[in-house]
Protein chains: 2
Amino acid sequence: MSDWSPEVYGRFEDERTRPARDLLAQVPRAEARRVVDVGCGPGNSTELLVERFVGAEVVGLDTSPAMLAEARRRVPAAHFAEADAATWLPESGTDVVFANAIYQWVPEHLAVLPRQLAALDAGAVLAVQMPDNLAEPTHVLMKEVAAAGPWAAKLRGAARDPLPSVTTYYDALKPFARRVELWHTVYNHALADAAAVVEWVKGTGLRPFLDPLDDGERGAFLEEYTRRIAAAYPAARDGRVLLRFPRLFVVAVR
Amino acid sequence: MSDWSPEVYGRFEDERTRPARDLLAQVPRAEARRVVDVGCGPGNSTELLVERFVGAEVVGLDTSPAMLAEARRRVPAAHFAEADAATWLPESGTDVVFANAIYQWVPEHLAVLPRQLAALDAGAVLAVQMPDNLAEPTHVLMKEVAAAGPWAAKLRGAARDPLPSVTTYYDALKPFARRVELWHTVYNHALADAAAVVEWVKGTGLRPFLDPLDDGERGAFLEEYTRRIAAAYPAARDGRVLLRFPRLFVVAVR
């Protein structure tokens with residue numbers, strides 16, 4: 001996948017920051033020595049961690065140099081480094097591992113997260129949020145358009161598997177946890193119209209479908225996808241379109 | 001329905017208070033003149049409001065004298081009064097109307113809530129949380145057991161209708177709101193066993209099914225209901241049972 005665009009991603013910053021705030025609100029620690037933001041992106045969530053854990057060493061990790069550069073500019077109080085969320089493990093002294101909207105991209109995260117939790121000191125917290133929207137029209141329609149077009153062969157591997165059940169996460173984390181909290185929040189974003197729904201997923205879920213295409217294919221894919229989105233998301237009375245967006249939250253205390 | 005039991009209700013106080021805290025966290029006001037807790041119950045949510053809005057006049061309303069007595073003992077800093085959530089309207093100077101787990105009992109709340117919102121001053125906030133769990137096994141099985149037993153005629157009116165769609169709430173409130181936020185959170189409560197699931201709903205959703213029955217019927221109903229609950233909620237690996245519990249949240253700014 002090509003490098004992420006901080007500008008497209010930042011367009012929906014307010015709406016996108018709420019899940020990170022909701023996750024942080026459930027982290028049962030008043031203080032921390034070291035806080036790590038795994039998959040920090042442009043630093044939105046890192047900024048929240050710096051505000052919440054005054055005096056802590058806050059570290060942001062990402063694989064994208066563009067995102068890290070943006071994050072450094074935005075949050076000078078934190079440190080940033082390149083690291084892979086699939087293999088990184090916390091060192092002793094880390095009191096909070098925070099991973100906002102990153103582990104849905106790591107298919108083996110059901111093995112990774114218990115390993116991270118096991119590596120933490122007693123009382124430290126692993127806090128994870130992942131979009132769980134692959135059964136929503138936005139994502140079902142991506143797959144339908146991918147399968148129906150002349151690009152079907154190119155896009156064969158683009159669709160991800162849905163997240164496992166809540167009980168699966170509970171069973172994987174509980175052996176290493178004093179306490180595990182698991183919940184979904186289903187947000188409803190009131191967007192201007194169907195085109196705004198497409199813009200919303202363009203920066204994230206749609207990328208594996210668009211990146212393999214050439215310019216002509218991309219235009220045709222987007223046109224067909226937008227048509228189907230408009231049919232699946234009828235407008236509310238004031239003309240706006242409610243984008244239903246479920247996310248899974250995990251908070252485990254070592 | 002007979003009067004509520006503060007003791008049974010309080011047994012799950014911590015778990016039950018989280019939705020109120022989650023709702024309060026999204027109320028976009030730092031200060032308030034007057035805050036009203038509609039359907040305050042034993043004062044759990046009123047206590048949160050007193051902590052959050054220092055200096056505000058906080059008023060708790062309920063129809064149950066037993067709940068009001070318990071609330072007065074628990075939260076001496078607030079005022080409490082008997083009032084019906086279906087007809088009460090806020091007076092001018094009210095900056096927050098808070099209604100935690102009450103309006104699911106008021107079938108006409110889709111008319112009541114816009115009326116309350118319309119009565120508020122500009123910038124005041126209506127914040128509502130309702131269980132939206134009538135499609136969960138806990139509630140589907142109540143209806144099944146009610147329909148299948150010798151008590152079917154007695155329990156004909158016990159089941160409530162599911163909540164309307166999110167768009168329905170959006171359309172009803174938007175004409176009176178600067179901003180409307182709507183979301184569901186689906187909690188997963190790790191309970192000891194199937195019997196604990198039954199205990200959980202006994203204080204709330206099961207009451208309209210148990211109250212019309214005599215003692216013998218009640219025992220037989222609970223036995224059959226517990227059997228079905230045990231089958232519908234298999235244990236996690238550590239033996240605990242995850243009770244999925246969806247709730248709808250509404251925050252509207254006048």
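Lys and Arg count as positive and Asp and Glu as negative, with His and the chain ends not counted. On this basis, chain A of the predicted model carries 29 positive and 34 negative side chains. The centres of the two sets lie 4 Å apart.

The fold of chain A comprises 10 helices and seven strands. Its C-alpha trace spans about 50 × 40 × 40 Å along the principal axes. The radius of gyration of chain A is 19 Å. A compact globule of 254 residues would have a value near 18 Å, so the two agree.

In chain A, 56% of the 254 residues count as buried, that is, under 20% relative accessible area. The accessible surface of chain A comes to about 10,600 Å². Carbon and sulfur atoms account for 52% of that surface.

In general, a rotation about an axis and a shift along it relate two copies of a chain. Here, chain B superposes on chain A by a rotation of 180° with 0.0 Å of shift along the axis. The RMSD is 0.0 Å. The two copies are therefore related as by a two-fold rotation axis. Within chain B, the C-alpha nearest the axis belongs to B:Thr185, at 2.1 Å from it. Both copies use the same surface: 100% of the contact residues of chain B recur in chain A.

Technical notes
Residues numbered from 1 in each chain as written. Chains lettered and ligands numbered in written order. Predicted model: local features only at pLDDT ≥ 70, side-chain atom pairs only at ≥ 80, totals over all residues. Heavy atoms only, no water. Helix = DSSP H or I, 4+ residues; strand = E, 2+ residues; numbered from the N terminus. Rg over C-alpha atoms; globule rule 2.2 N^0.38 Å. Buried < 20%, exposed > 50% of the residue type's maximum accessible area, 1.4 Å probe, protein only. Areas by Shrake-Rupley, 256 points an atom, 1.4 Å probe, with all protein chains shown as cover. Charge placed at Lys NZ, Arg CZ, Asp CG, Glu CD. Least-squares fit on C-alpha atoms with pLDDT ≥ 70 in both. Contact = heavy atoms within 4.5 Å.
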